[in-house]
Amino acid sequence: MAKCDICGKGVTFGLNVSHSNRKTNRAWKPNVRRVKAVVNGTHKTIHVCSRCLRSNKVQRAI
């Protein structure tokens with residue numbers, strides 16, 4: 001599951017383009033971590049991207 005529970009960042013799709021200009025599908029996946037966090041006063045395990053962790057949008061449970 002590559003989706004952040006905080007910001008909703010998910011998989012983005014695009015194309016690999018070779019030197020001969022052949023195109024194949026590819027995906028960019030966000031850096032999502034399973035984190036124990038405090039949600040509404042209770043400890044829960046949620047999926048959070050690294051950007052949300054760095055910007056302190058999540059209070060981690062100890």
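**A quick tour**

Guide: Start with Arg51, which sits in helix H1, residues 50–54. Keep in mind that this is a predicted model.

Visitor: Is Arg51 buried or exposed?
Guide: Arg51 counts as exposed because its relative accessibility is 52%, and the cut-off for exposed is over 50%.

Visitor: Which residues form the positive surface patch?
Guide: Lys9, Arg51, Arg54 and Lys57 form it.

Visitor: Now the inside. Which residues make up the largest nonpolar core?
Guide: There are 8: Cys4, Val35, Ala37, Ile46, Val48, Cys49, Cys52 and Val58. The largest share, 3 residues, comes from E4.

Visitor: Where is Lys44?
Guide: Lys44 is in strand E4. At 46% relative accessibility, Lys44 counts as partly exposed.

Visitor: How far is Lys44 from Cys7?
Guide: Their C-alpha atoms are separated by 17 Å. Along the chain, the two are 37 residues apart.

Visitor: Where does Asn21 lie?
Guide: In the loop between strand E1 (12–17) and strand E2 (23–28). Asn21 is partly exposed, at 49% relative accessibility.

Visitor: And what is phi at Asn56?
Guide: Asn56 also has a positive phi, about 55°, and is not a glycine. Asn56 is in the segment after H1. With a relative accessible area of 64%, Asn56 is exposed.

Methods. Residues are numbered from 1 along each chain as its sequence is written. This is a predicted model: local features need pLDDT of at least 70, side-chain atom pairs count only at pLDDT 80 or more; totals for chains, interfaces and linings use all residues. Side-chain values use heavy atoms; hydrogens and water are left out. Patches are made of residues with over 30% relative accessible area and no salt bridge: like charges are joined within 9 Å, nonpolar side chains (Val, Leu, Ile, Met, Phe, Trp, Tyr) within 5 Å. Accessible areas come from the Shrake-Rupley method with a 1.4 Å probe; for residues, only the protein chains shown count as cover. A salt bridge is a side-chain nitrogen of Lys or Arg within 4 Å of a carboxyl oxygen of Asp or Glu. Lys and Arg count as positive and Asp and Glu as negative; His and the chain ends are not counted. The place of a charge is taken as NZ of Lys, CZ of Arg, CG of Asp or CD of Glu. Helices (H or I, at least four residues) and strands (E, at least two) are DSSP runs, numbered from the N terminus. Buried means under 20% relative accessible area, exposed over 50%, partly exposed in between (1.4 Å probe, protein chains only). A nonpolar core is a set of buried Ala, Val, Leu, Ile, Met, Phe, Trp, Tyr and Cys residues joined through side-chain atoms within 4.5 Å.
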